[in-house]
Amino acid sequence: MRSELGAEWRPRRAARRPPPTDAELTDSSSVSEEWCGGRRGRRRRPALNARERNIRRLESNERERMRMHSLNDAFQSLREVIPHVKKERRLSKIETLTLAKNYIMALTNVICDMRGESCPYSQNAEAQEEKPINED
């Protein structure tokens with residue numbers, strides 16, 4: 001097919017828009033995907049070989065493991081300072097957070113009572129939060 005069209009045949013290139021002016025850059029909606037090459041400004045990284053990918057994956061796994069250890073240590077510290085009745089088993093994360101929230105709300109009410117202020121977290125408000133809303 002090329003020989004039929006001649007030696008000067010070239011594939012068509014898509015027309016590129018000129019870069020936006022300073023006035024256009026103030027409005028983020030004016031910068032379109034067409035100007036960015038359809039890739040929203042991200043450049044493709046050069047391909048990594050298998051060894052480099054493996055090293056990056058191991059490093060990423062180690063960072064995630066350290067993050068989770070840190071998070072679990074923080075939960076354990078929180079479990080140790082929150083008063084609760086059941087001592088025979090460790091509290092779950094959601095139980096720890098719920099107890100911490102309720103404890104903070106109760107202490108806030110105590111402080112407000114001591115100051116003579118109105119309590120932001122009344123017993124009725126706490127009971128309504130815990131109960132599911134019935135749609136009758």
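How many residues apart in helix 3 are arginine 67 and glutamate 64? They are three residues apart, so about one helical turn separates them. This is a predicted model, in which local features need pLDDT of at least 70, side-chain atom pairs count only at pLDDT 80 or more, and totals for chains, interfaces and linings use all residues. Residues are numbered from 1 along each chain as its sequence is written, and side-chain values use heavy atoms, with hydrogens and water left out.

**Salt bridges**

- The structure holds three salt bridges (a side-chain nitrogen of Lys or Arg within 4 Å of a carboxyl oxygen of Asp or Glu).
- Arginine 67 and glutamate 64 join in one of them, at 2.9 Å from N to O.
- Arginine 67 is partly exposed at 44% relative accessibility (buried means under 20% relative accessible area, exposed over 50%, partly exposed in between, with a 1.4 Å probe and protein chains only).
- Arginine 89 pairs with glutamate 95, with their closest N and O atoms 2.8 Å apart.

**Where two helices meet**

- Met68, Asn72, Phe75, Leu78 and Arg79 in helix 3 meet Lys93, Thr96, Leu97 and Ala100 in helix 4 (contact means heavy atoms within 4.5 Å).
- These contact residues divide into five nonpolar, two polar and two charged (Ala, Val, Leu, Ile, Met, Phe, Trp, Tyr, Cys and Pro count as nonpolar, Asp, Glu, Lys and Arg as charged, and the others, Gly among them, as polar).

Key. Helices (H or I, at least four residues) and strands (E, at least two) are DSSP runs, numbered from the N terminus.
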